[in-house]
Amino acid sequence: FSEEYEIALVLDSREQYGAGAGAASSFSSAGVDRADAALATLAARGTRVEKRALVVGDALWVARRKACAPPLAGGWTHASSSEFALDLVIERKRADDLVHSLRSGRLARQRWGLARCGLRTGALLVEGDARVLMAGDASSGGHHHHHTAARAHKAVCSASAGAEVGDGLVVLRTAHAAETFRLYADLTAELEGLYGPLTEADGGG
């Protein structure tokens, strides 16, 4: 497999990445495109990554046929089978956005799409802590802000459980955008290790 294909991470070009609490300074500088900065960081680590408008999810992985690969058997051309999606797609949600999406019904539609998109593993990635992201200015909000944050945290936990039990999704959690991109890099490496040794006899050629 690894002799004929390379694995690339594809990120939804419409996704926004905020710094979040505890994120690295490179994600929090004013005027910096955080997504582009993250792409450069991933590329520097050897991760093949690009941005496209995705129909489902915010991150998925594709196997792309190398230009130097040998000719295909059975009359297939390189153009007709140059790329295919691997069995993992992730919907990324900041915890505060997840709460808003839960209220609007958008999350239910996205969960439905993940579970039925045809890829074997769909995952909901929850980024950040709703109690922090939705607390606001605690010094001026007092009990009201604390109550709102507690309800938001409960809603995130409930939505996560529903995604796991109701839709069969994997739920992942990260603290902030920088950690999310590190997770993407680690998952890319795991997929390369999983698919790389496959041969045609394994069904991977």
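The model is a predicted one, in which local features need pLDDT of at least 70 and side-chain atom pairs count only at pLDDT 80 or more, while totals for chains, interfaces and linings use all residues. Residues are numbered from 1 along each chain as its sequence is written, and side-chain values use heavy atoms, with hydrogens and water left out.

The protein chain holds 7 helices and 6 strands, taken as DSSP runs numbered from the N terminus (helices H or I, at least four residues; strands E, at least two). Read from the N terminus, the order is β-α-β-β-β-α-α-β-α-α-α-β-α. Of the 205 residues, 40% are buried, that is, under 20% relative accessible area with a 1.4 Å probe, protein chains only. Among contacts (heavy atoms within 4.5 Å) between residues at least 6 apart in sequence, 75% join residues at least 24 apart.

Select β3, β4 and β5. Strands β3 and β4 run antiparallel and are joined by 5 bridges, whereas β4 and β5 run parallel, with 7 bridges; pairing requires at least two DSSP bridges between two strands. Centre on V89 in β4, the bridge partner of L60. V89 also stands opposite G122 in β5.

Now select L11, W61, I90 and Y184. Within the largest nonpolar core, which has 23 residues, these four touch the most other members. Such a core is a set of buried Ala, Val, Leu, Ile, Met, Phe, Trp, Tyr and Cys residues joined through side-chain atoms within 4.5 Å. Two or more of its residues come from each of β1 (5-12), α1 (34-44), β3 (59-65), β4 (83-94), β5 (121-127) and α7 (177-195). The greatest contribution is that of α7, with 6 residues.

Keep L11 in view and show its surroundings. Beyond neighbours within four places in sequence, the contacts of L11 include Y17, L39, V49, L54, F181 and Y184. A second, separate core of 21 residues can then be coloured apart; A8, V126, V156 and V171 are among its members.

Finish at helix α2, residues 95-104, where A95, D96, L98, V99 and S101 are buried. Just after α2, select G105, which takes a positive phi of about 90 degrees.

Methods:
Buried < 20%, exposed > 50% of the residue type's maximum accessible area, 1.4 Å probe, protein only.
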